[in-house]
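Biologist: I want to learn how to read a fold strand by strand and helix by helix. Please bring up the model.

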Amino acid sequence: MISRRAFTLSTLAAVGGLTTLASCSSGAEGRYDVASRELWRHSAAMSNEKAALLRELVRYATLAPSSHNTQCWKFHIDDNAISILPDFSRRCPAVDPDDHHLFVSLGCAAENLAQAALAHGLMAHSSVDAAVGNALRLSLEPSFSAVSGYSCASEYPY
């Protein structure tokens, strides 16, 4: 049988623990919501701000899944292209000895980047550059839908 003192102490400890837990979770949840909204925000980067748009495309690429969440990529931004390079310092040789998952992760990042580029009116064309350490290069050019928007044919009917 439990004594009155043990019952009172255990009840006070349980109530105190629940109060502490509730106060911690409400503050952390608020910070989490803010961080989540910032991470998953849709950018207002305009296409005339080329450098900002390219950085935004890289941000979307980094939201891609990666093997064991290693985020095993490096990005290099050129004038009209973004290269995705493998970061071999983040490889997992015990579970991925041939780096298959590492390169699949690069493909996921490339697909995210290509989809984000398309949403911004750019078409991404991919190629592999073995001379630069198996870099996946995505050349960016205006997509047909973006180019067709500049047509003046609709203003001057035949």
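Biologist: Start with a pair of strands. Over how many bridges do β1 and β2 pair, and in which sense?

Modeller: First the rule: two strands pair if DSSP finds at least two bridges between them. Helices (H or I, at least four residues) and strands (E, at least two) are DSSP runs, numbered from the N terminus. Here, β1 and β2 are joined by five bridges in the antiparallel sense. Trp73, for one, has Pro86 of β2 as its bridge partner. The two strands form a hairpin, with three residues between them.

Biologist: What should I know about the model before going on?

Modeller: It is predicted, so local features need pLDDT of at least 70 and side-chain atom pairs count only at pLDDT 80 or more, while totals for chains, interfaces and linings use all residues. Residues are numbered from 1 along each chain as its sequence is written, and side-chain values use heavy atoms, with hydrogens and water left out.

Biologist: Now the overview. In what order do the elements of the chain run?

Modeller: From the N terminus, read α-α-β-β-α-β-β-α. That makes four helices and four strands.

Biologist: Which strand does β2 meet over four bridges?

Modeller: That is β4 (residues 135–142), which runs antiparallel to β2 (residues 81–86). Ile82 has Leu138 in β4 as its bridge partner, and Ile84 has Leu136.

Biologist: How many bridges link β3 and β4?

Modeller: Eight, again in the antiparallel sense. Ser127 stands opposite Arg137 in β4. β3 and β4 also form a hairpin, this one with five residues between them. Gly133 in its turn has a positive phi of about 80°.

Biologist: Is β2 buried or exposed?

Modeller: Apply the cut-offs: buried is under 20% relative accessible area, exposed over 50%, partly exposed in between (1.4 Å probe, protein chains only). Six of the six residues of β2 are buried, so the rest of the structure largely encloses this strand. For the 158 residues of the chain, the buried share is 27%.

Biologist: At what angle do the axes of α2 and α3 cross?

Modeller: Roughly 135°, and the axes come within 7 Å. Angles under 35 degrees count as roughly parallel, over 145 as roughly antiparallel, 65 to 115 as roughly perpendicular and the rest as oblique. α2 and α3 are therefore oblique to each other. The contact uses Leu57, Tyr60 and Ala61 of α2, and Ala109, Asn112, Leu113, Ala116 and Ala117 of α3.

Biologist: Where do His68 and Gln71 sit?

Modeller: His68 is in the loop between α2 and β1, and Gln71 is in the loop between α2 and β1 as well. Check phi in each. His68 has a positive value near 55° and is not a glycine. Gln71, also a residue other than glycine, has a positive phi near 50°. Then check accessibility. His68 is exposed, at a relative accessible area of 53%, whereas Gln71 is partly exposed, at 37%.

Conventions:
Axes are lines fitted to C-alpha atoms, for helices over the stretch in contact, and angles run from 0 to 180 degrees between N-to-C directions. Contact means heavy atoms within 4.5 Å.
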